Amino acid sequence: MNVTRFSALEVSLVSQMLSLLIESMQGPCAGNQELIIKSEIVSSLNFIIYAQNLNDRELCESDPSYMDLKSLSCILLSASLEGRHDDFVHIHLDRRLMKVALVEYKQDVETSLFKLTRLANHERRLPTVTENILFKTKQKALVAATTVLMELDHKIAVKDVDLTSSLVTSLATSSSLNNRSSNNIQTHDHQTSSNKLSNNNKKNSRNTSKASSASVIGVIEIAW
């Protein structure tokens, strides 16, 4: 799907559909968020956000409706993360979203905003009505894209830390159990050695007693 080939009617229809989906998730509505993110809509958003060539970037700059389409795509992604206390949506987006395309689009928007601001300042005038509309649209897209990227990076980082902590705890527990087992074995071996030594001492003592008794009996017999 190449959105640069969309007609004006198609762009308008897709924009209305995206607006409807955004409204259905706001509140937020967790059920709609999960339903939408699990669908093929994320794949479609990848194609809308991704700038395939220079012509795509130029069209985004010159056509407000096309630029609005990309902006709504970012806002939809941001709306899917609104009010989430779990990582269900984050995990699905991290797997299916082309974050590289979102990062590139964010950089393009930042550059475009800088150009708009610099142009008005250079000409020493206030922004025109069209420039104001472009600026607000791009500003919303920038905020949404930044929010999505920060949310995903934070949640995935926290999850990695939790997994690492669990692994470390598991290894520490395993090591502790191994040490206890080793100590028990050593204690058992020590007790076994002590018992053997005690038994040998008892045997030697008995043999010594028997030898002493035999010597005494021998002496008594001789004296007799």
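**Briefing: helices and buried residues in a predicted model**

The side chain of Glu131 reaches the backbone nitrogen of Thr128 at 3.0 Å, which is a polar contact (a pair of N or O atoms within 3.5 Å; within protein, one must be able to donate a hydrogen and the other to accept it, and residues adjacent in sequence count only if both atoms are side-chain atoms). The model is predicted, with local features needing pLDDT of at least 70 and side-chain atom pairs counting only at pLDDT 80 or more, while totals for chains, interfaces and linings use all residues. Residues are numbered from 1 along each chain as its sequence is written, and side-chain values use heavy atoms, with hydrogens and water left out.

**Glu131**

- Glu131 is placed in helix 8 (residues 129-223), where helices are DSSP runs of H or I with at least four residues, numbered from the N terminus.
- With a relative accessible area of 13%, Glu131 is buried (buried means under 20% relative accessible area, exposed over 50% and partly exposed in between, with a 1.4 Å probe and protein chains only).
- A polar contact of 2.9 Å also joins the side chain of Glu131 to that of Arg125.
- Leaving aside neighbours within four places in sequence, Glu131 is in contact with Leu116, Leu119 and Arg125, contact meaning heavy atoms within 4.5 Å.

**Helix 7**

- Helix 7 (residues 99-122) has 24 residues and reaches 34 Å from its first C-alpha to its last, close to the 34 Å expected, the expected span being 1.5 Å times one less than the number of residues.
- Among the buried residues of helix 7 are Tyr105, Lys106, Ser112 and Leu116, and Leu116 is also one of the residues in contact with Glu131.
- Just after helix 7, Arg124 takes a positive phi of about 55°.

**His90**

- His90 lies in helix 6 (residues 88-96) and, because its relative accessibility is 0%, counts as buried.
- Leaving aside neighbours within four places in sequence, His90 is in contact with Leu81, Arg84, Glu151, Leu152 and Lys155.
- His90 and His154 are 64 residues apart along the chain, and their C-alpha atoms are separated by 9.7 Å.

**Helix 1 and helix 2**

- Helix 1 (residues 8-25) and helix 2 (residues 30-38) pack at an angle of about 140°, with their axes 8 Å apart; axes are lines fitted to C-alpha atoms, for helices over the stretch in contact, and angles run from 0 to 180 degrees between N-to-C directions.
- The two helices are therefore oblique to each other (angles under 35 degrees count as roughly parallel, over 145 as roughly antiparallel, 65 to 115 as roughly perpendicular and the rest as oblique).
- Leu21, Ser24 and Met25 of helix 1 make the contact with Asn32, Gln33 and Ile36 of helix 2.
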